[in-house]
Every structure is written in structure tokens, then in C-alpha cells.
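Here is a friendly walk through a model with several chains. Have the sequence and the 3D view open as you read.

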Amino acid sequence: MRIFLLRLTAKMLPALPTLCAIAGALLMFVVFLALQGKPALEACQLIYVGAFGSGFAWENTLQRAAPLMLTALCVAIPARTGLIIIGGEGAVALGGLACAVIPMMLPAAFPATPALLLMATAALVAGGAWIALAGWLRQYRGVNETISSLLLAYIALALFNHMVEGPLRHPESLNKPSTPPLPEEYLIGSLPGLDVHWGLFWGVLACIAMYVLVRHGVFGFSMSVVGGNVRAARLVGLPVNRIVLMACLLGGGAAGLAGMMEVAAIHGSANSALLAGYGYSGILVAFAARHNPLAIIACALVIGGIESSGSLLQRRLDLPGATTLVLQGLLFINLLAWESLTGWLGVWRLRLLETTRNPNRAVHA
Amino acid sequence: MLNEVVPSAFDFGSLALALFAGAIRIGTPFLFVSLGECLTEKAGRVNLGLEGILVCGAMTGYAVSLQTGSPWIGVLGAGISGLVLGAFHGLVCSLRGVNDIAFGIALMVFGTGLAFYLGTPYIQPQAPTLPAFALGDWSTNSQLRNALEINVLFLVGVVLAGLLHWGMASTRWGLVLRLVGDHAETARALGYRLIPVRVTATAAGGFLAAVGGAYLSLYYPGSWNEGLSSGQGLMAVALVIFARWRPWRCLFAALLFGAAGALGPALQSLGITSGYYLFNAAPYVLTLVIMVITCRPDRTISGAPGELSLTR
Amino acid sequence: MSNFNRRKFLITTGAIALTSTLSFELAHAAGKKLIVGFLYVGPRDDFGYNQAHAHAASIIKKMPGIKMFDEEKVPETVAVQKSMEAMIRQDGASLIFPTSFGYFSPHVIKVAKKYPKVRFAHCGGLWTKGKHPMNVGSFFGYIEECQYLNGVVAGYMSKSKKLGFVAAKAIPQVLLNINAFTLGAQSVDPSITTRLIFTGDWSMPVKEAEAANSLIDQGVDVLTCHVDGPKVVVETAEKRGVMTCGYHVSQAKLAPKGYLTGAEWNWVTPYTTIVKAAQEGKPMINFLRGGLKDGFVKMSPYGASVSANAKAKADEIKNKMLAGKYPIFKGPLKDNKGKVIIPAGVIQEQTDIKLESMNYLVAGVMGQV
């Protein structure tokens, strides 16, 4: 029994930093609000109600989480090979644009399924190529990928705006410059029985697929080797450049797909409303999830939930719109800071396991 | 009628003057925040949170200036807010296993959120703003007069760039800073403690970034609102690479970036109004092109601190 | 009580034609207040577009029989759909004012179809019969009348005969304002030209300041703008001793010397009309437009520096507008490429819906769209 408990503790230990972080973030948030004489506990309760307190709240949260799962992959997958990409917003924009352009080139009454496949492919390629460009610049030109991906994102947004408000602008889009609207039958609908579009399904599926790839595939292992030690990877003959580019393609493709989902399921055409910062939120989600694709699903839900609750906080407590931003900031600060526990925990965990294996031997023998 | 509207010859003089004025006006916050980032990176850390610190500094500077009636106390208040947030970054990143780039992004969200949250009551009021030296009073050309209206913070920034350049190259603390950032093992072997040096450098970097923010809210454009920053804090990281971690070159990088930012509006005022998104992206394209030209895949960039996660 | 009401709303999903009367009965049978929700795209106190709405909303809040909720900084994404739904489901709102243009299609349309009992009064949209649901309405003001008057005053006051316009994007609403401002000034002196800078987005303070400076450098001596918050443009102009005409709300106190006058929204008028219709159970007003004479828009009081003859002329034109006898766009009118837009003798009335899809700049405006 004791051994079982010890084993259980050893298993649960890695979750400790996350629990501490959530507790720490909530505590700081409560103090922050209390210092201004705001009803802090009520605010926490409303955050729960607004995020997960009802079927509607869940739909709201899931809907907001869907694009974040895909944009987080844009950070997490390249991160497996040691690259820090922060320009996912550019891939979202170009993916959305590519998806909106395809129907303009198809003949009228082209069937929906192949059209959607083409749109998705275009979005994947556009987003993937843009991030792969950052990877290429790093591998072949030595340009730091964090900076280049950010610059490329700004450039992509400029291109997007230029195209949407210039050459690709639909004359009837009047005061909201947009590309021509997608034909009705190309629009992506809701999941059965839920008021959440199919983007959620694809987001979750992409995270699971990436998890399998990263944890169980040979390619995933090669990525980890490259991310762990480039020299070792080269020594064992891994095609480092190709692996890095592939990781960037996959990540960028995911962000491009997020752009496509937004266009085909929400906006119905590409316009500047697409640029709502999903790419940037994805960075936080990925880091909070420690680049683990399965954890991304959970972290995206938390961020989606916090954002859903913002509306209720404003209407019930008259808190400013930025309240949810403060909470997100606190959450990430805590998540990253408590990360340092992991090192200590590793030691404890080893000792615990040691004890379970050989209960009679002294721990420090 | 039509001929009166379209200028017969393109006014290059006017464009050049607009770029010169823009270099200083738009470049100054870039100067401060890139000097801050340079200092931080010289100690071996990257702080992407300077973006959040800059926004927080802009809000704090404006609020303090409004409350006290003195823009200079506002600048100081902004600096202190940046010092605190910078030290926070420095301390937390000294814990084992905390990634400085990731924490910077978290700090960016937090700083921005804090500034937006606390800054709501300051969007409306008008705070006293910083003075400028009118160096162009001798001229009758109003554009030239305005271009030569040099704000005091810019001059402070120029002096600071020189001082930091000299300090890093020729003083003991500069050597320690570089040693810590370049070769932590050696520094430790010589008996220097890494953490205090890094925390101090990051805190000082935060101070400078926040002063850059105060420039935005207290001089140009000279009022606080939520759209004030257009990513100056993030771009600082690019500018520092571009400046090869030399403070003196940060000045030129910032001026170049400022001039590129002025290109869009200047061209439009001369009648070229189509493609404005593309002109407005000029600073980013310029930075990327320069980085591609100057970086080499087979070696780290010259001048890069050895301990920097960014260049490894 | 609110639970009862909310359930009722969800249960009664009847024919669209009966919408308004039903919700009226509901609201009054329960002795309930009319619950109204407002959504703004930016911060409430931006000295501009959102403030104009938030200010009017705060007046509606004080009306008898009204309970008001509002939310700021709602992006034009799925977020606005969910916020509107949350107002309906969590607060029991039966009248929603989504105040940003970008909310209309697809967001308002989609949510309106889902909640046919709730009224959606959108600001700026172009509601079309047969295409859009009957529980949706769009309202807007002919602010270009005020921009024309701005232009008249600017035309009198300008010495350099060069005016400047800082604009966010090249969309019909903005082009309408640029053209009206220019035509107003040209009614004083046909040689007046307008220089134009697009910043690319609705709130770009550094770009706006740079744009104002660039325009002033080109000899412009009266500036106006169409961005979300004109504070930066007005303050920059004041610092450089240049005159300004305001937009959205009065910026007079930001520029005591140079503020001439300004084009202001008076959203209380359409808000009240729509709220009253809901309270009295009248059908949803699907298409509501109005100008100076309807009280949808108004002028800022003249600044101290405005000359007597400028005031006299502007007032004279304003009185004609108030009488509904002053169309702004009339032939002969050419665009700045020399093409005839309106032939001589043809008059495009203020109420002409075609004006809402303007895609040209009139002669005398420097720039291309």
C-alpha cells in the first residue's frame, strides 16, 4: 500500500508545477482586484460561470479554443527541433487568404468536397511555406528564426491587407473590404448537436496526430534529437535541415488551417477581422503546454475559457475589457516560473521510485 | 484643374526632409528600447517582454505626468515601472528551467494587460508633455523648422548610446557584463556572481524600454491610448541583432527604422496614396533584408554574446 | 423572473412576422424592463467613434423602463457572436445595438437568424429587404453633411488653400467624407485642394501623428480626419499651430486655438427611436437614416477664431440642409482622374442609397484609391 502511494505520488508529481501555477495565478488575480476594492471572489466565480458554467459557456469556450489549438501547433512543432517561431499570425493570414482565393479560380458549381480539400491544401501550403521560409532562413542563411518569423508575420499582414483591400477586393464588400464571399455550399458548418464549428474537430485531431507523430514516430524522435543536440543529430547522419524544414511546414500548415477555418466557418470571406491575434495567443498556449500537443488542447481550453468569461466580467462587474488580459498574463507568468520546480521534482521523483523499488535500502545509499 | 493637383515634379527634397524628421521622431522610442535590449542581451539574456514594459511605461509616464504636472517626473515614474518589471524578468529567469524568451512573451501579455487595465482613466485627459529644442528657428521653411525641433529625450538617448558604448568597451563593469554574457564559466571562475549582474542588466534594460514608452505617450504622438505601441518592443530584438550588440550602432539602426516608418505617410502626402500597406511594411522588409545579407549560416554573428539563447 | 423570461424567449420561436408584437407582450406581461445591450469595437473613451456610441448609450440607460448592459473592445470575430448571445441568454436582452460596421455580416445576421425574437439594431450596415432578417435593422447618419460644413468653414479659414485629411481606409464611408469635405471647401474657393493620407487602420497613433505632420509639411493649414479616435491628429495640429475640424465627438477642448468646428454624431436620436419602437411593440425599424434635419448628426460650436463670414455662410448652408434643400453631390461633378461622375443637371439626393457605395475621389483631392 505504501509502495502504491509512493508510486502514485511519483506519477502525479509532474502535475504539481501546473497546479501551483494555477493557484498562484488565481491568488495574484484576487489580490490585484481586491487592492482596487473590486469583488474579487465574485469575479473568479463569474470566470468559471462564463467559461464552463453552462452548455452555452462550453460552446463559447470550445469555439474560441479551436483556432488556438492549431496556432499553438505552429509554435510547438518547430520547437521540438529547437526553433522558437513567434510569427504564426502571418501564417493564419496567408492561410485564410489562400482559402478565400481558391473558390475564385474554380468553375461555377464545382462540388463542395473537392473544393474544400483544395481550399484546405492551399491554406496548409501557404501557411506552411511562410513558416518554412523562416526555417530556411535559419538553416541556410543563419538568420534567427524568432526575429525572422516576426518580421515575416508583419510582412504577411501587410500583404494580406493589401490584397484584401486592393486587387482581391469584392466590389460589393463596401465598408468592410473583403474578398468575394465563399459560395454557400463551401462554408463549414457546425458539429452535430453543438453550436461549435468543425474547426474544433480538426484542431483536436491535428493535436492528437501531432502527439502520435512526436511521441511514437521515427520522425518525431528525429525532431527531438535535432532539438536536443544538433551536432549529435548530424553525427548520426540525420538530415537536420530537412527535418527542421518539415517541422516548420507542419507547424505553419496548422496555423494556415486555422486561418482557413476562420474564413470558411466564421467570416465567409477573407477580411481584416481575421487578424484577431490568434497567432500570438497560440505562442502562449504552446509554451504553457510545454510544446506537448496533447497538453495544447487543455491549455487552449483554458485560454478560450478566460476569453469567453470576459464578456460576463464586463457586464456584471463593470470590469474593463483588459481584465482577461491581466489574468492571462498572470497565468503564463506563473506557469513559466513554477516550471523551475520541475528540476527539483525530478530529483524527488527518482528518490521516490528508488524507494519503491528497493524499500529496505536507504534512500541516499 | 487636374494639373494643379498633381505636382509636376516629384519633390525629393521634401521627401528627404520628411524621412530625416521621421527618423528622429519615430526612431527615438526604438533607440531607447533597443539600448535596453542591448544591455539585457550583453548579459546573456533576451527579454521579449520589453514590449509589455514599453506599453506599461507609456501608461505610467502619462498617468504620473498628469498627476504631478511634470512630464519629467512622468518619465522617471515610467522608468521605475520598467525597472520593476525588468527586475522581475531578471529574477524569474534566474530560476532553473525558466526559458527567458517564453517568460518574455508572458511578461509582454502581462505588461500590456496591466497597462490597458490601469490606463483606462487616462485615455481622455491631456497630460503635460515633454519639451523640445527648436533648433530650426533661423529658417523660414516650416517643414525644416519642424524637422529641427529636436526633443530632449532624443538627445538624452544619443548621449546614452555613446556612454553605453564607452562603458561597455572601456570600464570594469562593462567588462564584467560582457564576460557574464559571453562566457559565464570564466566569469564564475573569476569570482563574479552571474545572477546579480544579469538581473541588474535586465532591470536597467526595462528602465530604458519604459522611458521609450514614455516618449510615445509624452512626446510623440503625445497621448496615451491602447493602440500606441506598434510592436516597438518586439522589433528592438531585431534592431539589436542588426546593430551587432553595439550601442552606438543601435542609434543608427533606430534612426534607419524611424525613417523607414516615415516613408509611407511622406509618400502619401506627396500624392502617392496607393499601396500604402506595402509602404508601411517597409521597416520590416528592410530589417529582414539586412539580416539576410549580414548573417552567415556557418558561424554565429560577430559580436553576439556567447551565452545568448537567441543566437545559439 | 429572469429565468422565466429567458425560458419564454427560447420557447417562443414563432413566425418572424409576429416577432415584435410577441416580444412586446412578453416584456409587458411580465412587467419587465426592456433589456438593451450595446457592443463597441474599441475602448469606450477613445475621444471618437466608440465614445460617441458609449455616450449615447449612457443616455439610453437613464430612460425609464430600460435596463442597459454594454461591452467594450469586442473584436469582429466569433467573439461578437458569442457576446451578443451571452447578452440574450444571460441577461435576457431583447434589443441589441452592435455598433461596429464589421459586426453586420456575417455576425449579426447569423445570430439574428438564431434568435428571431430579439431585435438587432446595427450601426452602419446596409439592410436589404429579402436578403436580411426582419428582426435586424440598420441605422446611420448623413455625417457627410457635417463634413461639407466643415469644408465650408475650412475653405474660409485656410490661407494656403490646401486642406489635409487623415483617413484610416479607402472605404465608401470614408471617401464620402473626404469628398464632402473637399466639395464644401470648394464651394468657397474652387481652387482649394485636399491632400490625403491613409494610415491603414482605425487606430494607429504614431502613423496618425506622422500623417498629420507630413500633411502640415506640405503646406496644409486645416486638417480633419476619419479614424476611430481623432485625438492624436487634433493635438498634433494644435502643437504646430494648424487649424482642425473635428470628427465623431467634439475635440474642442483638445485644441482651444485651432479647433474650428466638427462633425459629430448624435446617436441618441436613432437609439431613442429604435428603443421606443421596441417598447411600444411597433415593428422593427429595418432601415433608418437621417442627417442634420433629423438630428442624427450635429456640428460642434464654432471655435473662437472662426471668422464672421465663415460662420454666416456655413449657417446659411446649414439652414438649407435643415430644410432638406441642399444636396451635396450634384452635377457637374468629376473625379480626380477627370472622369464625369455626375453629369450636369443631375442631382444625387442625400438619401440616395448609391452614395453609400462611393468609390471615387472628387477633383481636387490628391491621391488614388
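## Ground rules

This is a predicted model, in which local features need pLDDT of at least 70 and side-chain atom pairs count only at pLDDT 80 or more, while totals for chains, interfaces and linings use all residues. Residues are numbered from 1 along each chain as its sequence is written, chains are lettered from A and ligands numbered from 1 in the order in which they are written, and side-chain values use heavy atoms, with hydrogens and water left out.

## Chain B on its own

Chain B contains 14 helices and two strands; helices (H or I, at least four residues) and strands (E, at least two) are DSSP runs numbered from the N terminus.

Of the 312 residues of chain B, 63% count as buried. Here buried means under 20% relative accessible area, exposed over 50%, and partly exposed in between (1.4 Å probe, protein chains only). Among contacts in chain B with a separation of 6 or more, 76% join residues 24 or more positions apart, a contact being heavy atoms within 4.5 Å.

The size of an interface is often given as the accessible area lost when the parts come together. Between chain B and chain A about 3700 Å² is buried, and carbon and sulfur atoms give 80% of this area; the figure is the accessible area (1.4 Å probe) that two parts lose on being put together, summed over both. B:Tyr117, B:Tyr277 and B:Leu288 supply 20% of what chain B buries against chain A, more than any other three residues. The contact involves 47 residues from chain B and 46 residues from chain A.

How many salt bridges does the rule find across the interface of chain B and chain A? It finds zero, where a salt bridge is a side-chain nitrogen of Lys or Arg within 4 Å of a carboxyl oxygen of Asp or Glu. Three residue pairs are in polar contact between chain B and chain A (both at pLDDT 80 or more). A polar contact is a pair of N or O atoms within 3.5 Å; within protein, one must be able to donate a hydrogen and the other to accept it, and residues adjacent in sequence count only if both atoms are side-chain atoms. The elements of chain B that give two or more residues to this side are helices H4 (71-92), H5 (100-119), H11 (232-242), H13 (276-280) and H14 (282-294). The largest share, 14 residues, comes from H5(B). On this side of chain B there are 35 nonpolar, nine polar and three charged residues, counting Ala, Val, Leu, Ile, Met, Phe, Trp, Tyr, Cys and Pro as nonpolar, Asp, Glu, Lys and Arg as charged, and the others, Gly among them, as polar.

## Where chain B meets chain C

Chain B and chain C bury about 3600 Å² between them, with 49% given by carbon and sulfur atoms. This contact takes 44 residues from chain B and 46 residues from chain C. Two salt bridges are counted between chain B and chain C, and B:Arg25 and C:Glu210 meet in a salt bridge with N to O at 2.8 Å. Polar contacts between chain B and chain C come to 21 residue pairs (both at pLDDT 80 or more).

At least two residues of this side come from each of helices H1 (2-5), H2 (12-42), H6 (142-147), H12 (247-269) and H13 of chain B. H12(B) gives the largest share, six residues. The side of chain B that touches chain C divides into 22 nonpolar, 20 polar and two charged residues.

## A look at B:Leu310

B:Leu310 lies in the segment after H14 of chain B and counts as buried because its relative accessibility is 6%. Leaving out residues up to four places away in sequence, B:Leu310 touches A:Asn144, A:Thr146, B:Glu41, B:Val46, B:Ile101, B:Val237 and B:Ile241. B:Val237 is 73 residues away along the chain, with 9.6 Å between the C-alpha atoms of B:Leu310 and B:Val237.

## Salt bridges

Over all chains the count is 24 salt bridges. One of them joins A:Asp195 and C:Lys114, with the closest N and O atoms 2.5 Å apart. This pair crosses between chains, from the loop between helix H7 (145-165) and helix H8 (199-216) of chain A to helix H5 (residues 104-114) of chain C. A:Asp195 is buried at 17% relative accessibility, whereas C:Lys114 is partly exposed at 36%.

A:Asp195 and C:Lys114 are linked with C:Lys82, C:Glu85 and C:Arg89 in a network of salt bridges. C:Glu85 and C:Arg89 form a salt bridge with their closest N and O atoms 3.6 Å apart.
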